Amino acid sequence: MDKWLEQFARANFTRSADTAHDLKTPLNVAVLNLELLRVRIRNLTAGNDDPKIIEYTKAIELELRRMARIFDTFFLLSTPPRGLEAPTAIDVMPIFVEAAAAADVVADKTPAAFVIAHEVRIREAFKLFFEGALKLFPRETVRAVIRREAGRLEVAVAGVPQAADFEPTKLFKFYYTDPLGNPELSLSTARLIVETYGGGLNATEESDKVVLRLTLPLGEE
């Protein structure tokens, strides 16, 4: 990082949690006032709500709550965990195996693999990675494979998407909406976490399947 950019990064690290709170406060106020508006309209119409008003207010509330989640995710996870020292070498294999088992995903096992990171964040990244995969693929089609290559650890999960109009490029956007219409931040959040430790997360289409690949640079034991 260029020297002059360090001040920008330091200011962001220092103010991230406060900024997330400050941004969420007006959103919470907006949600509260939206509910008061619903009550007011209901009183004026003697309980005979216009279906369009119900539709519009639900859509507004959904987007306000989505924004709050995005603020929390970005401002809190793009900076180091509060109260923790510098990242250290941790063996991610037990974390990988535990996360796969919790998601009921069949997973290959390999010897210890050390990554320089904060354990709490890596646990969250693997958890979200598998959560996101299971929202994309039928559970019975999912298998996780882990391997080392060129100084990096790669975790790959392949499956057949449940949605007919699946678009890999949208998966990692904080504004992604799943096929059921729900905000879905699992994979975008997992990508943000691994990127802070020099890793990456992407999706590629291969034949009739889609492969999610999470990578992290290997560190010293």
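Good morning, colleagues. I begin with helix H5, which lies across E6 and strand E7, residues 209-217. The direction of H5 makes about 130° with that of E6. Please keep in mind that this is a predicted model.

Let me turn to the sheet itself. It is an open sheet of 5 strands, ordered E2-E4-E5-E7-E6, and its pairing is mixed. Strand E2, residues 106-107, and strand E6, residues 200-206, are the edge strands; each has a single partner strand, so one side of each is left without a neighbour in the sheet. Helix H3, residues 93-102, also packs on the sheet, where it touches E2, E4 and E5. Its direction is at about 165° to that of E4.

Within the sheet, strand E4, residues 143-149, and strand E5, residues 152-159, run antiparallel and are joined by 7 bridges. In this pair, Ile-146 stands opposite Val-155 of E5.

The structure holds 1 cavity of 30 Å³ or more, and the largest cavity has a volume of about 50 Å³. Which residues line the largest cavity? They are Gly-132, Lys-135, Leu-136, Leu-171, Tyr-176, Asp-178, Glu-184, Ser-186 and Leu-187. Two elements, helix H4 (119-136) and helix H5 (186-196), each give two or more residues to this lining. H4 supplies the largest share, with 3 residues.

Thank you for your attention.

Technical notes:
Residues numbered from 1 in each chain as written. Predicted model: local features only at pLDDT ≥ 70, side-chain atom pairs only at ≥ 80, totals over all residues. Heavy atoms only, no water. 1 Å grid on protein atoms, 1.4 Å probe; cavity = no way out; pocket = protein on both sides within 12 Å on 5 of 7 lines; lining within 4 Å. Points joined across faces, edges and corners; volume = space filled by probe spheres on them. Helix = DSSP H or I, 4+ residues; strand = E, 2+ residues; numbered from the N terminus. Pairing = 2+ DSSP bridges. Contact = heavy atoms within 4.5 Å. Axes fitted to C-alpha atoms, helices over the stretch in contact; angles between N-to-C directions.
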